[in-house]
Amino acid sequence: MARPFVSFRYGAKRLACKGIAAIWLVSAPFAAAAEPVVVAALGDSLTAGYGLPRADGFVPQMQAWLTEQGVEVEVRNAGVSGDTTAGGLSRVDWTLTDDVDAMIVALGGNDLLRGLDPAVSRRNLDGILQAAKAKDVPVLLVGVAASMNYGADYKAAFDGMYAELSAQYETLLYPDFFRGLAELPDREVARREHLQGDGIHPDASGVEILVEAMGPSVLELVRQAQ
């Protein structure tokens, strides 16, 4: 989200006429100090950091990764374990407070686990993106890749809704939350070494891999919001 600025020439001229140009010149650097970009991460247990110490969750690790890139940012955890896209839609207005500059939307995993109609999930995500657009908040839409459990048509509809909605609302897109782990050479090793005992949620090392993979997309989101 663009920050307003004061023209140096106009401001100096105006204040010089009042005889306080020297004060303005001293104080201007402090007034120009950048504020951190506030990014809200709207999601489910993957965002909330289910089963992990707070410092090992997705949001704190993403915050740390962005800080290492030299970015002034505050990542807020708006993840609720068990939430579906419907739950995210019900919370989006609370999440988009006036100081939020950008939003990560990472929902759909629980819709998938419950076998919900992709058309319903799509409508809910559409409502979330509408809310963000109304507030001029840039979004990184994070997808979840469906398995073949419900058939090829279901997978095509579910996977496709993220790209289609991203194009419709001109958001950034990260197609699969688990891409970092999915791209490891040995998936069985990845499952054994980087997932918790439930075989679904990443452990601390898994989160680190996911953050490293997704980080550049979040960095681009922050740049859009600056």
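**Why these labels? A chat about the model**

Colleague: I have started with Ser121, which sits in helix 7, residues 118-134. Why is Ser121 called buried?

Modeller: Good place to begin, and please keep in mind that this model is predicted. A residue is called buried when its relative accessible area is under 20%. Ser121 has a value of 0%, so it counts as buried.

Colleague: What does Ser121 touch, beyond residues up to four places away in sequence?

Modeller: Its partners are Thr85, Asp111, Leu116, Phe158 and Met161. What makes each of them a contact is that heavy atoms come within 4.5 Å.

Colleague: Next, Leu107. Where does Leu107 lie, and why is Leu107 called buried?

Modeller: Leu107 belongs to the loop between strand 3, residues 102-106, and helix 6. The relative accessible area of Leu107 is 0%; the cut-off is under 20%, so this loop residue counts as buried.

Colleague: Which residues does Leu107 touch, not counting those up to four places away in sequence?

Modeller: Leu107 touches Leu42, Gly43, Asp44, Asp83, Thr84, Thr85, Gly88, Leu125, Ile128, Val142 and Tyr162. There is a pair to look at in space as well: Leu107 and Ser45 are 62 residues apart in sequence, with 9.4 Å from C-alpha to C-alpha.

Colleague: What about Ala106: buried or exposed?

Modeller: Ala106, in strand 3, has a relative accessibility of 6%; that is under 20%, so Ala106 is buried. Leaving aside neighbours within four places in sequence, Ala106 is in contact with Leu42, Gly43, Asp44, Thr47, Val142 and Phe177. Ala106 and Phe177 are 71 residues apart along the chain, while their C-alpha atoms are 7.5 Å apart.

Colleague: How much of the chain's contact set joins residues 24 or more positions apart?

Modeller: Of the contacts with a separation of 6 or more, 77% are between residues 24 or more positions apart. For the overall picture, the chain has 11 helices and 5 strands, and 46% of its 226 residues are buried.

Colleague: Now some exposed ones. How do you know that Asp136 is exposed?

Modeller: The label needs a relative accessible area over 50%; Asp136 has 57%, so it is exposed. Asp136 lies in the loop between helix 7 and strand 4, residues 139-142. Its phi is positive, about 60°, although Asp136 is not a glycine.

Colleague: And why is Glu170 called exposed?

Modeller: At 70%, Glu170 is over the 50% cut-off, so it is called exposed. Look for Glu170 in the loop between helix 8, residues 152-169, and strand 5, residues 172-174. Glu170 is also a residue other than glycine with a positive phi, near 55°.

Colleague: Let's turn to the spaces. What makes a space a cavity, and how many cavities of 30 Å³ or more does the search find?

Modeller: In a cavity, a 1.4 Å probe fits but cannot get out. The search of the whole structure finds 2 of 30 Å³ or more.

Colleague: Which residues line the second largest cavity?

Modeller: Asp44, Leu46, Thr47, Ala106, Leu107, Val142, Gly143, Val144 and Phe177 do. The lining of the largest cavity has 5 nonpolar, 4 polar and no charged residues; Ser45, Gln196 and His201 are among its members.

Colleague: What lines the largest pocket?

Modeller: This pocket, about 860 Å³ in volume, has 29 lining residues, and Ala145, Phe178, Arg191, Gly199 and Ile200 lie nearest its centre. Helix 3 (45-48), helix 6 (109-113), helix 9 (179-182) and helix 10 (187-194) are the elements that each give two or more residues to this lining. The classes are 14 nonpolar, 9 polar and 6 charged.

Colleague: One last thing: where does the kink in helix 11 lie?

Modeller: At Met214, shortly before the proline Pro216, in a helix that covers residues 204-225. The kink is about 45°, and Met214 is one of the buried residues of helix 11, along with others including Gly215 and Ser217.

Note on methods:
Residues numbered from 1 in each chain as written. Predicted model: local features only at pLDDT ≥ 70, side-chain atom pairs only at ≥ 80, totals over all residues. Heavy atoms only, no water. Helix = DSSP H or I, 4+ residues; strand = E, 2+ residues; numbered from the N terminus. Buried < 20%, exposed > 50% of the residue type's maximum accessible area, 1.4 Å probe, protein only. Bend = angle between axes of the 7 residues up to and from the residue. 1 Å grid on protein atoms, 1.4 Å probe; cavity = no way out; pocket = protein on both sides within 12 Å on 5 of 7 lines; lining within 4 Å. Points joined across faces, edges and corners; volume = space filled by probe spheres on them. Nonpolar A, V, L, I, M, F, W, Y, C, P; charged D, E, K, R; others polar.
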